[in-house]
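Reader: I'd like to learn how to read a fold like this one. Where do we start?

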Amino acid sequence: MEFPSMEDRSSGTGSSTSAAEIENLRNGLVASIEELVQSQTRLQGLLSAVITISQELSLTAVLQHMIQSACKLMDAKYGALGVIREGKEVSHFITEGIEPELAERIGPLPTGHGVLGVLIDEPQPIRLDDLHDHPASVGFPTFHPPMQSFLGVPILVHNVVFGNLYLTEKRHGKTFTADDEDLAVVLAAAAGLAIENAKLFDEARLRTRWMEASMQVAVRMMDKGIEDLESGKTIVARQALEASSSVLALVGICADDDGSIHVSAGAGALAPEFMHRSFCIGEGLVKSVFDEMHPVTFNLAEYLPDTVEASEIGPALLVALGSSEAGRDLLILARQPGAPVYGHAEITLSGKCGSQSALALELMRVYRLREQFAVFMDRDRIAKDLHDVVIQRLFAAGLSTKSLARFMVDPVALERIEAITNELDSTITELRETIYSLQAPSKTAQFLSTRISQTVRELSRALSFAPSLHVGAAVDELVPFVMDGHILAVVSEGVSNAVRHSKAENISIRVDAVEGNVVVVVVDDGCGFSKLKGRNGFDNMKARAQDLNGTFLRRVPRKTGLILNGQHRFQLDWRG
């Protein structure tokens, strides 16, 4: 083999060829170094992103850091992360690169259609040079920025799809590469572990909040400053509002079977718009909550009163406060529009808190009744002592003083004795009035249901059987105090008529509060009246109903003009 001489190597042709090879080699080496440096930089960025994400304990922070890191690593202008709930629906959507003002102009966030829906149905990476060329593309809404290149990868948590990462518009007009796809898949895998840890941490904090809420309800319900059920239910609403991160909490009673709810307590900025109003959410929804004793999510915006705009209400949750046998109280929670729906853990915890709150409300009611009973017992004891001891002594002192008059001849002394005896008589009279007032039921201290029970018990003492009495759970809560006397009068008249005139073997009394109306029904299986002469109790009840913008109905079954096994029934409605 012959080698070229120094002269040959320095000749033009040979020199040109060697220089080109060296230049190509140098350029290739530089490109390789740049690619290696770029790969190392991206790997460092990936490592930094994984460390940052894994250090976060809040799920919201983890998701936000992930989408920001993905946009930076893949050099994407826009990014988004859609969280998928059961049913393959997007529960909430986190975006990067779109200003809040622009997002508001664009309108509602995606719900999982088009190319996004393909990634939800088939959780495999998708990389597109032009998003519009895909068969499933449905275009963009008005004001949406133009997007062309696209990269989407699923985020798995324990082999279950948690959500999807979407990247669009790679900068400088480039398209996403296979390396970008691999990097996104690795980032999504690392984020899956961080998301699982964040979910566990969020659930632990959520459980702690609901436990504290339940404890606060139980403790505050025993506070002597809480005098009525409405105050107690307000406490339940406030604690649930804070524990659930909601903007509205309402406590209402479902007094009818048609799904109508009358709101008696609430918390949150919108609560005053609902207070002491009724609205219907449907019989099926209420029935399912009470039958299953499990909270359900629903769209409260469909059932709002006229005073509230649907755009002010987001996801909602309906919780039963106790079973339907114990009472028909319901707790309604709602978040602001666009907020995440209530998750499985929140639904479960709210149900447990609802049961404990219902127990606390019932204990408060029983505690107040026990205090009331203790006061009545003490008043009865004082009345008996006054009657059996004090009055008897005063009466004896009066007789003794008056007997002294036989031994007196002085007119002044006789006048003084007469004055003393008169004073003792006046004192005895006043004591008797005091005794009567102590023995009379206190209208301000008792629940209306208790007073109705006492009235029925007093009027039915002469019967050989006990009448059937049903007082609705809403009576104590919904009926205005000014109407108590009217209701007691109607119950008294109806029961009295049945006891004295019907010769019945069964008497049934029902008092309910429904949709702002108070309904009093008394039914017996007695002989009834064939004729009514002059003004009677039925006329009085009819007049009372008319005065209160209500109705009165008396029904007597008849056949050939005669009463057979007569039944008289009346119903009185006050429409508030």
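Author: With contacts: two residues touch if they have heavy atoms within 4.5 Å. In this predicted model, local features need pLDDT of at least 70 and side-chain atom pairs pLDDT 80 or more, while totals for chains, interfaces and linings use all residues. Residues are numbered from 1 along each chain as its sequence is written, and side-chain values use heavy atoms, leaving out hydrogens and water.

Reader: What share of the contacts between residues at least 6 apart in sequence join residues at least 24 apart?

Author: Here that's 64% in the protein chain.

Reader: And how do I read a nonpolar core?

Author: In soluble globular proteins, nonpolar side chains tend to be buried together. A core here is a set of buried Ala, Val, Leu, Ile, Met, Phe, Trp, Tyr and Cys residues joined through side-chain atoms within 4.5 Å; buried means under 20% relative accessible area, exposed over 50%, partly exposed in between, with a 1.4 Å probe and protein chains only. The largest core has 30 residues, and L165 is among those with the most contacts inside it.

Reader: What about aromatic pairs?

Author: A pair of aromatic rings is described by the distance of the centres and the angle of the planes. Rings of Phe, Tyr and Trp (its six-membered ring) pair if their centres lie within 6.5 Å; under 30 degrees is stacked, over 60 edge-to-face, the rest tilted. That gives three pairs. F298 and Y303 make a tilted one, 6.3 Å centre to centre with 35° between planes. F298 is buried at 11% relative accessible area, whereas Y303 is partly exposed at 25%.
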